[in-house]
Amino acid sequence: QVELVESGGGLVQAGGSLRLSCAASGRTFSTSAMGWFRQAPGKERELVAAINWIGSNTWYPDSVKGRFTISRDNTKNAVYLQMNSLNPEDTAVYYCAASHRSNLQVEYDYWGQGTQVTVSS
């Protein structure tokens with residue numbers, strides 16, 4: 001079992017940056033692939049970053065590549081999402097997710113409660 005709590009969301013102007021954090025509890029975190037998703041009103045949930053269990057592999061969709069960076073610190077049971085050059089299209093609730101599996105994943109087993117990110121133009 002893994003419990004996830006996101007923090008770091010908020011209101012930022014276009015072009016600004018935010019860093020989201022996800023604190024994980026549970027003995028399997030260090031072997032779990034992790035991901036960040038987002039969901040805007042009226043849109044489907046979208047995977048925006050993924051990282052394998054040790055942090056050696058990452059993945060991003062084209063919509064955020066070069067602007068978002070996912071990282072993890074297994075000594076702190078934490079995963080982060082650094083978001084730069086934000087634009088209003090990045091406005092969404094952002095969710096941290098954990099997988100039972102260790103390699104890069106598109107499907108996840110545990111979810112946080114989400115943190116709101118709002119980018120004003």
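**Disulfide.** This is a predicted model, and I started with the cysteines. I took sulfur atoms within 2.5 Å as the cut-off, and the count came to one disulfide. The pair is Cys22 and Cys96, with the sulfur atoms 2.1 Å apart. Next I looked up where the two sit: Cys22 is in strand β3 and Cys96 is in strand β9 (residues 92-98), so the bond ties together parts that are 74 residues apart in sequence. Which hand does the disulfide have? I read a torsion of about -80° about the S-S bond, so it is left-handed. Then the accessibility: Cys22 is buried at 1% relative accessible area, and Cys96 is buried too, at 0%.

**Sheet.** Since Cys22 is in β3, I followed that strand into its sheet. I found an open sheet of four strands in the order β1-β3-β8-β7, with antiparallel pairing. β1 (3-7) and β7 are at the edges with a single partner strand each, so one side of each has no neighbour in the sheet. From one strand to the next the twist averages 15°. For β1 and β3 (residues 18-25) I noted five bridges, antiparallel, with Ser7 standing opposite Ser21 in β3.

**The β7-β8 end.** β7 and strand β8 (residues 78-83) run antiparallel and are joined by six bridges. Here I noted Thr69 opposite Gln82 in β8. The two strands make a hairpin with four residues between them. In the turn I checked Asn77, which has a positive phi of about 50°.

Which side chains of β7 are buried? Going along residues 68-73, I saw them alternate.

**Asn52.** Last stop: the loop between β5 (46-51) and β6 (58-59), where I found Asn52. Is Asn52 buried or exposed? Its relative accessible area is 4%, and under 20% counts as buried, so Asn52 is buried. Its side chain reaches the backbone nitrogen of Gly55 at 3.0 Å. I then listed its contacts, leaving aside neighbours within four places in sequence: Ala33, Asn57, Arg72, Ser102, Asn103 and Leu104.

Definitions and conventions:
Residues are numbered from 1 along each chain as its sequence is written. This is a predicted model: local features need pLDDT of at least 70, side-chain atom pairs count only at pLDDT 80 or more; totals for chains, interfaces and linings use all residues. Side-chain values use heavy atoms; hydrogens and water are left out. Buried means under 20% relative accessible area, exposed over 50%, partly exposed in between (1.4 Å probe, protein chains only). Two strands pair if DSSP finds at least two bridges between them. Axes are lines fitted to C-alpha atoms, for helices over the stretch in contact, and angles run from 0 to 180 degrees between N-to-C directions. A polar contact is a pair of N or O atoms within 3.5 Å; within protein, one must be able to donate a hydrogen and the other to accept it, and residues adjacent in sequence count only if both atoms are side-chain atoms. Contact means heavy atoms within 4.5 Å.
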